[in-house]
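Please look over the notes below alongside the model.

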Amino acid sequence: TIKKLINKLYKSNELEWEELLYILNHIGEYGKEYLIQKAHETRMKVYGDRVFMRGLIEFTNYCKKGCIYCGIGAFNKNVDRYRLGLEEILLCCDEGYKLGYRTFVLQGGEDNFYSDDKIEEIIEEIKNRYKDTAITLSIGEKSYESYEKYFNAGVDRYLLRHETASKELFEKIHTNSNYENRIQCLWNLKKIGYQVGAGFMVGIPTQTKEDLIKDIFFLKELDPEMVGIGPFIPHKDTVFHNEEGGTLEDTIIMLALLRLFLPYVLLPATTALGTIHPFGREQGIKAGANVVMPNLSPIGVREKYSLYNGKICTGDEAAECRGCIQNRIEKAGFSVDMSRGDNIKWRR
Ligand code: 5AD
Ligand code: FES
């Protein structure tokens, strides 16, 4: 029956709640392999063997929020805080552009230092210099008006993971954020015209299979262009420091399911996945993921953007992420695509 259900999902991109629950409860080794195979076939049909590269610039680790799982929450006094100025950000982009990147992802904590005017200035500068480049912004929950300003300044895409589609769990792990606002932000971003990225963590303490099904159903409804899925990983300075993290296996299953529910989605093999297993990203790619986001932040600040313990690509090896990841992708049997890599269903 597992095989039947996976076939149904493969053909129709849909399942009933009970069917999905059945898969999660009974998948087993054989079912997992079959699921991964079908997810792989789907990605090959839709995007081929290409893996899109995005250059990630983590430009501020100041954050006013207090997400209790996250290492850079406002409560954490052990963080060495930094902000990159316009010139520093442009230097990262210059380097990235020379390496071939045509998407820059500007990510940061919710940091009021960067007013809307400052963000617009940064965007306009980058867009002006690199006309063939897409910008993805990821700076958290903002008003409709702010999102509109960034969009008009030239931002193409916006990443805002919903983190979990269980309202109860969401509110347990966010001290000053509410679920309705988070979800409203995502709908606002869609309405304005961004390519939108939502997403969630796998293995959050107390998260259930039903919660994960809610994530899939919510994403099916939102129909975003991108979905970021990574394992929860404990951070030493948070209340979750002694908790278990999400597993490679569970994360891979969710990636493969997402590929089947949303065949056109851009699905990153996340840094968190690469952190919990030396070949986590490769396994993610084999299960339907088709994006990687190597770090372009200045080497000196990378360790400070510490959302969870053990983050890869922060040490001496980090200068070489571009080459490292290319090798890894090719060894896994896929090819690197340096183009803007828009969602193929996308029309502005
Ligand atoms: N483990 C895994 N992922 C985390 N994030 C934040 N903290 C953690 C953690 N401890 C993820 C969130 C956020 C993204 C930028 O990083 O999902 O949206
Ligand atoms: Fe960063 Fe391999 S991708 S070191």
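**Notes on the model**

1. N343 sits in the segment after β9. Helices (H or I, at least four residues) and strands (E, at least two) are DSSP runs, numbered from the N terminus. This is a predicted model, in which local features need pLDDT of at least 70, side-chain atom pairs count only at pLDDT 80 or more, and totals for chains, interfaces and linings use all residues. Residues are numbered from 1 along each chain as its sequence is written, chains are lettered from A and ligands numbered from 1 in the order in which they are written, and side-chain values use heavy atoms, with hydrogens and water left out.

2. Is N343 buried or exposed? N343 counts as buried, because its relative accessibility is 5%. Buried means under 20% relative accessible area, exposed over 50%, partly exposed in between (1.4 Å probe, protein chains only). N343 touches Y47, Q195, E225, Y264, V265 and L266, leaving aside residues up to four places away in sequence. Contact here means heavy atoms within 4.5 Å.

3. The side chain of N343 also makes polar contacts. One of its polar atoms lies 3.1 Å from the backbone oxygen of E225. A polar atom of the N343 side chain is also 2.9 Å from the backbone nitrogen of K345. A polar contact is a pair of N or O atoms within 3.5 Å; within protein, one must be able to donate a hydrogen and the other to accept it, and residues adjacent in sequence count only if both atoms are side-chain atoms.

4. An open sheet of 3 strands has the order β8-β1-β9, with parallel pairing. Two strands pair if DSSP finds at least two bridges between them. β8 (291-292) and β9 (335-337) are the edges; each has a single partner strand, so one side of each lacks a neighbour in the sheet. Strand β1 (residues 50-53) is joined to β9 by 3 bridges. R50 has S335 as its bridge partner in β9. Helix α14 (residues 321-331) packs on this sheet and touches β1, β8 and β9; its direction makes about 165° with that of β1. Axes are lines fitted to C-alpha atoms, for helices over the stretch in contact, and angles run from 0 to 180 degrees between N-to-C directions.

5. A further open sheet has 6 strands in the order β2-β3-β4-β5-β6-β7, again with parallel pairing. Its twist averages 20° from one strand to the next. Strand β6 (residues 195-202) pairs with β7 over 6 bridges. G197 stands opposite M226 in β7. α10 lies across β6 and β7, at about 165° to β7.

6. Next, the packing. The largest nonpolar core has 104 residues, and L106, I126 and Y194 have the most contacts inside it. Helix α10 (residues 248-261) gives the most to this core, with 10 residues. A nonpolar core is a set of buried Ala, Val, Leu, Ile, Met, Phe, Trp, Tyr and Cys residues joined through side-chain atoms within 4.5 Å.

7. Which residues surround ligand 1? They are Y69, C70, R161, E163, M201, P231, F232, I233, L307 and Y308, by a cut-off of 4 Å between heavy atoms of the residue and the molecule. An oxygen atom of ligand 1 is 2.9 Å from an N or O atom in the R161 side chain. A polar side-chain atom of E163 lies 2.5 Å from an oxygen atom of ligand 1. For L307, a backbone N or O atom is 3.3 Å from a nitrogen atom of ligand 1.
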